[in-house]
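User: I am new to this structure. Please show it, and then I will ask about its ligands and its surface.

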Amino acid sequence: MPIAFSQGFSPHPKISYASAAPTGVGSEAEYLEIGLQREVDPAELKVALDAALSPGLDVLEAVLAEPGGGSLADRIDASHWRLELPGVEPAVAAEAVAAFLAAPEVLVERMTKQGRRSFDARAAVFRCAMTDEPDLPSGAVAVPCAIIDLVVRQVIPAVRPDDVLSGLRVVAGLEPPVPPRVTRLAQGTLTAQGEIVDPLDADHVGASASESASR
Amino acid sequence: MSVSSVFPQLEQLLPRVSKPIQYVGGELGAVVKDWDDTTVRWALMYPDAYEVGLPNQGVQILYEVLNEQEDVLAERTYSVWPDLEALMKENGVPQFTVDAHRPVKAFDVFGLSFATELGYTNMLSALDLAGIPMESADRDVTHPIVLAGGHASFNPEPIADFIDAAVLGDGEEAVLEITGIIRDWKAEGCPGGRDEILLRLARTESIYVPRFYDVDYLPDGRIQRVVPNRPDVPFRVAKRTTMDLDAWPYPKKPLVPLAETVHERYAVEIFRGCTRGCRFCQAGMITRPVRERSITTVGQMVKEGLEFSGYSEVGLLSLSSADHSEIGDMCSGLAEQYADTNVSLSLPSTRVDAFNIDLAQELSRNGRRTGLTFAPEGGSERIRKVINKMVTKEDLIRTVVTAYTNGWRQVKLYFMCGLPSETDEDVLEIAEMAHEVIRAGRAAAGTKDIRCTVSIGGFVPKPHTPFQWAPMERPEVIDARLKMLKNAINSDRSLGRAIGYRYHDGEPSLIEGLLSRGDRRVGKVIRRVWEKGGRFDGWSEHFSYSRWVEASTEVLPEFGVDLDWFTTREREELEVLPWDHLDSGLDKDWLWQDWQDSMSEYEQDDCRWTPCFDCGVCPSMDTEIQIGPTGKKLLPLTPVTNLRVPA
Ligand code: B12
Ligand code: SF4
């Protein structure tokens, strides 16, 4: 694929990731922008990238960015997560979640590039609820296993699922016996109704138009 | 019986360790096959961290050669860092392959590639984690055959207790032959158990099975003899040589890692072997004769390797790349083909002459100028005669100055310290040379803005070289000389400022010396060091000199020898060396003569350009020099537009 490169002594491919998931969590919804030297059929790009990527890294869709549509980063302000807590009784987790939601502020700590920082993990949380959906995105089987559904707004500093888990520890002493398994289910623009709009939606109309034009 | 992945258990541990991505596999080029569809299964290990091990050519080649066989499965495994090691032990997760995360213990062969002896303790960690008994004698028919390869296996005696077998030399054909032997034995229902399969391997006369050889010692600690303990194995085991490299154009599908590694490039060996005859260089001695890959095969490999991998860097590897008979056309041809792309080409070369600069000039056509490195290795002309690195001081300075006048602003110079017969003066001459290089360089380039870096490491005498008899210098002496050199470089402040200085301490070299010329008794030291926590000995932050000294002091006196005995002691002509029964093709009398010549500062020419000087390799291994030129040129490719950088 004719990837564009930055200028300079050691050119880098022009790729930018919008709010990439942290190390150690799964994701069904990562978005990135790729600069190309010339227009290519997005369907072709999708197939070519998918072939080169590792098993488990699947390219689901590619669209042409519409001029003036704004960058991906502008279209993402919230993320939907699924948190599986193997070895934790759902009732115990539910209590912790209730305590978390009841608190006006939950201070947690994390190491950042600037050193150890303390910040509020509560305000950014739009939704945090127990779910009994049987489909575990990670495919893990463990009994018991509490499952939390979480929607977090994008703020600075970012509040990540592990910060919310730290929050559950802070407010209710919740200590999962094994590392929880976290999966991002979606990200995009959060509507007033609490739905997340796919950031590629804005390009969909134009994309199909340009696709047929190139054929 | 199928073997399941340990990934579910491993995954639980990954959030708790550093750089977890190195353990997940999934690289471009990786192969995962169904366990049950295959009959012979190899786990290949580079016993160092993933970031060092993944780019290793040897493992990549064997991985591909093996996986091309339909009924063979080959997977890779690397050393896990101590943080994961501790968690794996605590949670009962075994040493695993990164491809399909299968336990190493389930494979038929566990093949380790030893480019350096410093990986020995890591082998013990891997065996321990894998649940494979540490010593060969304790294994049964259910355990993999632990097989060592790579340069260090030319003296595997220090690890003789831990391995079942070793292959000396090139691996491409060896792994296929071993596969065939195991395939037949398994098809017959594994008759005779472990002893029988090892015997079948030993009977090839080119696979060394230590358990079939006994070592007797003299009262003074020297070896009396090494002899087979059964009638049906050979007295000496010969090395392998892959001839006609054009027939083995590997790797074709270079691995592209997800994690960061030390080299992210497509490396093509443009030839194997080297007959320049540097007396310290084990690689040059044990890989004879020179076998070139032709310009057209190299061109084809580069094209296909880049298309497959998307790498933007190509390394043209060999022991002395500028010596390829078609190197000029190769460099200009490749530079031409990739001129408008973001592909950069590099040529590691140790030659100290203007030709080297011409080639570098050619390769930097598209504006990317990599550093220039010269390796005079010895500081004085006298010591360069001792090591057979033929270059005069004048030539050296002229060459470096030419580099500056051609626009290079930075050159690196490589040296060794502790060479046989070396004195303080030999080392101090490095400072003089560096001063002269800067002085002449400033004058010629008309600018003060030039630099050179002096890198210096400790000399380690290696088996199968003319210096195999040489005494090592004591670490204190090395360190004192290194300090003296530093002061001498800085004695002139203006010149000293333009000279960078990098050095390796003497202590790690001494231990490398113990491991490279050690015998079976040294195995006990390795085990002791490992028990005391020794791991990753090639990493200065993990290496502990005192641990090695303590272990040697605990273990060796029982045998009437000590650390000095193995390292700083000069050997005599008739002493039986631990590797005498392992045949690199080099005639021991020739090596001894070359050692004597070295001490009388007598130089030896290269048999590519002068008549054969009877080192012994070609007749005893039935090989011959294979060099060009083929007379062919690299044709312009259809432009490689995919990789073009916009103007
Ligand atoms: C690239 C390179 C590096 C890279 C390595 C990247 C990597 N992971 O491979 C870097 C820069 C990291 C490196 C570091 C070092 N290197 Co280095 N390196 C080389 C170089 C230039 C090429 C190696 C290569 O790819 N060869 C080609 C492959 C195909 O050959 P091969 O690995 O030997 O494999 C063949 C056989 O040995 C055999 N085989 C190998 N493994 C196995 C396993 C089994 C089971 C079997 C059956 C067969 C088998 O089959 C293969 C195919 O025929 C060589 C010089 C050279 N041109 O050989 C030096 C060289 C190998 N390095 C050397 C040294 C000393 C080192 C260091 C110890 C330096 C230091 N003091 O720090 C470190 C050690 C690093 C480590 N911890 O392992 C020396 C080895 C000395 C010796 N024994 O003769 C060499 C020969 C350079 C020299 N002339 O001194 N090195
Ligand atoms: S036997 Fe002769 S031709 Fe062959 S490598 Fe030795 S010196 Fe060179």
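**Ligands and surface**

Analyst: A backbone N or O atom of B:Ala283 lies 3.1 Å from an oxygen atom of ligand 1, a polar contact being a pair of N or O atoms within 3.5 Å. This is a predicted model, in which local features need pLDDT of at least 70 and side-chain atom pairs count only at pLDDT 80 or more, while totals for chains, interfaces and linings use all residues. Residues are numbered from 1 along each chain as its sequence is written, chains are lettered from A and ligands numbered from 1 in the order written, and side-chain values use heavy atoms, without hydrogens and water.

User: How far is a polar side-chain atom of B:Ser113 from a nitrogen atom of ligand 1?

Analyst: B:Ser113 is among the closest of the 32 residues that surround ligand 1, where near means a heavy atom within 4 Å. From a polar side-chain atom of B:Ser113 to a nitrogen atom of ligand 1 the distance is 2.7 Å.

User: Which element supplies the largest share of the shell around ligand 1?

Analyst: Helices (H or I, at least four residues) and strands (E, at least two) are DSSP runs, numbered from the N terminus. Several of them in chain B each supply at least two residues of this shell, including strand E1 (40–49) and helix H3 (57–67). The largest share, four residues, comes from H3(B).

User: Is A:Ile15 buried, partly exposed or exposed?

Analyst: A:Ile15 lies in strand E1 (residues 15–18) of chain A. Buried means under 20% relative accessible area and exposed over 50%, with partly exposed in between (1.4 Å probe, protein chains only). Because its relative accessible area is 35%, A:Ile15 is partly exposed.

Technical notes. A polar contact is a pair of N or O atoms within 3.5 Å; within protein, one must be able to donate a hydrogen and the other to accept it, and residues adjacent in sequence count only if both atoms are side-chain atoms.
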